[in-house]
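Here are some notes to read alongside the model. Have it open and follow the points in order.

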Amino acid sequence: MTLALKTETPPPAPAKPRQVTQSHRFDAELVAVTKRYGPGAPAVDNISLRIPRGSYCCLLGPSGCGKSTTLRMLAGHEEVSDGAILIHDQEITHAPPVARGTSMMFQDYALFPHLSALDNVAFSLKVQGVSRAERRAKAKEYLELVQMDHLAERLPSQMSGGQQQRVALARSLITRPKVLLLDEPLSALDPFLRIRMRAELKRIQKELGISFIHVTHSQDEALALADLVVVMNNAVIMQAGAAREVYETPSNAFVARFLGGHNVVQRAGGGEASVRADQCVIGARPGLRSLPGTVSMIEYQGTAVRVSVTGTDDEELTALMPTSAFFNDALELGQSVMLSWDPADEHPLA
Ligand code: ADP
Ligand code: MG
């Protein structure tokens, strides 16, 4: 979009001093970005995205859809085939990684094994020639931010995976990036730690006020964390919006199915619609739309029970029932039932 605008407006004013970027509107922007690794289909196909200041942005999608490629192009670790990338409104499409104001936290943490937590965090300042006292003081501050100051002298081999990750995070942040890039940062942690760490990431992002761009294939993670959820599939963006917006009003069948908790149904007037599983019931009621089928799966989930019903043409629809409602009149696998919903709850899909 910005590229199109540029051709219609007068030539840009001469370059201004750096402070001007204080008034930038977007922390990061992709303008019609394409990446081709070879002659086949592109890995990223003409995507445009604007990330407002101070956003937690999640790139969400199945394996192979182009999330990491997008992140690596933002970092400058991968050349862009076509299009432009801006950070703080400044074009950096072909700038080297260190000149972009981005910092990448790697999945395997990549800590130096022979350096303490503190020295790992201070390392980039050492490279910049910052004095020992100053860099140790700064590194302590960042270890405090990630709540690792009490383990400052430990070596990576003396830390748990979660602790190493906190150190890696501090090490990425000490360079004071404009945008922090994280590729599946929580995937190596156990489920309990993953949920704790994602709350930490969110807290730190809000505290620093910079944008985080976080790649994940987990719907829960993206919905829990993101101000801006960007759902990708097959090298393109399927939908971008606030977590609640993409969940409650998916714009196409892919997003509805991928986010989960939705059924995709044929509308009475033609076309497809989604209806949330928690708005579906088992049994026919006046005024509701119903589809007949047999119970093909029952899954107890604590607060709710998921009941899947397979219809005559093999499509599977799911009702998420409150536990009490389910056990009032327990269903059995193979039982013939009607799955019903209020047509007013249907949300049309493109
Ligand atoms: P994701 O992170 O969403 O799983 P990737 O961005 O890693 O997806 O990959 C997108 C597509 O690009 C995939 O088809 C993948 O095989 C291909 N790809 C990724 N990296 C390379 C590379 N270095 N060379 C060739 N193809 C690649
Ligand atoms: Mg990836």
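1. A word on the ground rules. This is a predicted model, where local features need pLDDT of at least 70 and side-chain atom pairs count only at pLDDT 80 or more, while totals for chains, interfaces and linings use all residues. Residues are numbered from 1 along each chain as its sequence is written, and side-chain values use heavy atoms, with hydrogens and water left out.

2. Let's start with the charges. Side chains of opposite charge can pair when their charged atoms come close. Searching the whole structure turns up 15 salt bridges; the term means a side-chain nitrogen of Lys or Arg within 4 Å of a carboxyl oxygen of Asp or Glu.

3. Take R50 and E29, whose side chains form a salt bridge at 2.9 Å, N to O. This pair links distant parts of the chain: R50 sits in strand β2 (residues 44–52) and E29 in strand β1 (residues 26–35), 21 residues apart. Helices (H or I, at least four residues) and strands (E, at least two) are DSSP runs, numbered from the N terminus. R50 counts as partly exposed at 30% relative accessibility, whereas E29, at 5%, counts as buried. Buried is under 20% relative accessible area, exposed is over 50%, and partly exposed lies in between (1.4 Å probe, protein chains only).

4. Next, look at helix α6 (residues 191–208), where R203 and E200 are three residues apart and therefore separated by about one helical turn. Their closest N and O atoms are 3.0 Å apart, in a salt bridge. R203 is partly exposed at 26%, but E200 is buried at 12%. Both belong to a network of salt bridges that also links R166 and E207.

5. Which residues of α3 meet α4? They are A117, L118, D119, V121, A122, L125 and K126, and they meet R135, R136, K138, A139, K140, Y142 and L143 in α4. Contact here means heavy atoms within 4.5 Å. D119 is partly exposed, at 28%.

6. Finally, the geometry of that helix pair. The axes of α3 and α4 come within 8 Å and cross at roughly 125 degrees. Axes are lines fitted to C-alpha atoms, for helices over the stretch in contact, with angles running from 0 to 180 degrees between N-to-C directions.

Definitions and conventions: Chains lettered and ligands numbered in written order.
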